[in-house]
Every structure is written in C-alpha cells, then in structure tokens.
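Please look over the sequence and the structure below before reading on.

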Amino acid sequence: MNIKPKKSLGQNFLIDRDVLEKIVSIVNISNKEILEIGPGSGNLTNYILKKNPKKVFVIEKDDELALLLKEKFDNEVKIINDDILKVDENKISEQKLTVFGNLPYNISTEILSKWIVNINKIFWFESLVLMFQKEVADRIIAESNSSKYGRLSILTNWKLNVKKIIDIKPQSFSPRPKIDSSLLLFTPKENFFELKNAKNLEMITRVFFSQRRKMLKKPFNKIFLNSKNVAEKFNIDLNLRPQNLEPEMYFSLTKEYENLSG
C-alpha cells in the first residue's frame, strides 16, 4: 500500500534512522504505555515497538494511513483514527502516557496549548517528546528579554519544564520540508501557579504581546482599572516592554486580575 503524504495535513514523514533511534532513546519506554501522535507510515512506531513498551496507542487522522498502520502492525498498536484536537487524552488510558509526536506544523502550537490549558492538578502524561518547526521551538523555549519570548514561552513555562534535544535537517524527512525542525522534551512541573481559569492567562498574554514593542503602560491600562496600583504592588516599571517580564510575573498578574474580577 503506497501512501503519498498529504500537504493539507502537514505530513512530512521522518525517515532518518539515526534520528529515529535518538528519539526513542531520550526517555526510558520499556514497559511503559506510549501514545504517538501522527505516526504517518509508522517509521517511528517501529522503533518504539523495539523498545518493548507495555502498550502503544497511535492517533492518526488520515483514514488511509490508519488502514496502512492496521495492516502493518495488526494488534501490536491500538489505532485511534481521529483528530488529535478532538481527542480527550484523559480517556485514552488509566496509566500516565509517554507521548511522541512529529506534530503537523500547521496545528502544532494549537495541540500544545490545548494540552497545557486542559491539565488540572493531575497530568495524564509522564513526558512529551515532540517535534516542531525550529522557529516554533525557538519561541517555546525562549526566555524573557529575548525577541522570540512571548505567549507560547509563558504558557509552556506555566506547567512544563522544557529542554531542547536536537535540531533536525530537512533531508531527514520525506517529502523534505523547507525548514529545519527541533525536537523538544517536556516534563510536568511538580508545582505550578494555580489560576482559576487558563483562559485568563491566554487573554492577558494576548493583550500584552499584541503590541510587544509598546511600553507596558498601554496593556496595563487595558486590563486593570487601577493599573498604577497594580504596577506598584508588583514593583513593575511601566516603561518596560512585555518581553522584559518573567513568566512568573504574568502568572501573578493573571491571579491579580482574577482576584479583582471576583
């Protein structure tokens, strides 16, 4: 069964054996339950199975590929033929999962944001080993005071530790994408800042970073009625720019907004 990658689904199949081997060696997956997102033609799935996991689930939206995977792996993997954005991850298994994903470039940030926002106190995963466009990965791992730092860095930093593993060149894929990719490892934070509603953090970072070159005074006035008092409470210089505030400050400001809004 010969399958052509679909552009509409952002499909680029990983074919580099060294990279595939590296990916499955990042975390110990022996006797663990694994979830693979967008397995494509099953190249990485093969390498995962060699590491003797307890169980492997794969989520594949493409009907043709889901059939191919069924032919290829039979009962070795449980195939969920669905859209990752519509799947409730908490219902996949009672065990904590180790997740691998060569995420479709067009929805990668949406997937990551969805997972972070939906985590309550209990994480459904042990670790996430995910591939992104390098440019997106750079935004995820960016630290304050850098030009790439913004909403994605802050949201990720809220509940997850993140570490860059390697950059991957276009020739490791078929078809070759036009850009480099990066592999990131995410692990849950033992303690994270409790907020009433993740949507408030999303809203606050959106307001601040929609005009990232402007001074903090403008977004402060937009969000807080008593902006001067709030700035003084947190000892914030309103002449700074949004990228100058640490992630923890955005969590504190979100909490303050929630308290003031009742």
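## Aromatic rings and a buried strand

In this predicted model, F125 is buried, with a relative accessible area of 1%, and F123 is likewise buried, at 7%. A pair of aromatic rings is described by the distance of the centres and the angle of the planes. A search of the whole structure finds 12 aromatic pairs, and one of them joins F123 and F125 in an edge-to-face arrangement.

| Ring pair | Centre to centre | Angle between planes | Arrangement |
|---|---|---|---|
| F123 and F125 | 5.6 Å | 80° | edge-to-face |

The ring of W158 has K159 lying over its face, at 4.1 Å from the ring centre, while the charged end of K50 sits over the ring of Y47, 4.2 Å from its centre.

Strand β6, which spans residues 125-133, has eight of its nine residues buried, so it is largely enclosed by the rest of the structure. Strand β5 (residues 97-102) runs parallel to β6 and is joined to it by six bridges, with V99 standing opposite L128 of β6. Together with helix α4 (residues 108-118), β5 and β6 make a right-handed β-α-β unit. Strand β9 (residues 181-188) pairs with β6 in the antiparallel sense, again over six bridges, and here L128 stands opposite F186 of β9.

Conventions. Residues numbered from 1 in each chain as written. Predicted model: local features only at pLDDT ≥ 70, side-chain atom pairs only at ≥ 80, totals over all residues. Heavy atoms only, no water. Phe/Tyr/Trp six-rings, centres within 6.5 Å; stacked < 30°, edge-to-face > 60°. Buried < 20%, exposed > 50% of the residue type's maximum accessible area, 1.4 Å probe, protein only. Lys NZ or Arg CZ within 6 Å of the ring centre and 35° of its normal. Helix = DSSP H or I, 4+ residues; strand = E, 2+ residues; numbered from the N terminus. Pairing = 2+ DSSP bridges. Right-handed = clockwise from strand over helix to strand, strands pointing away.
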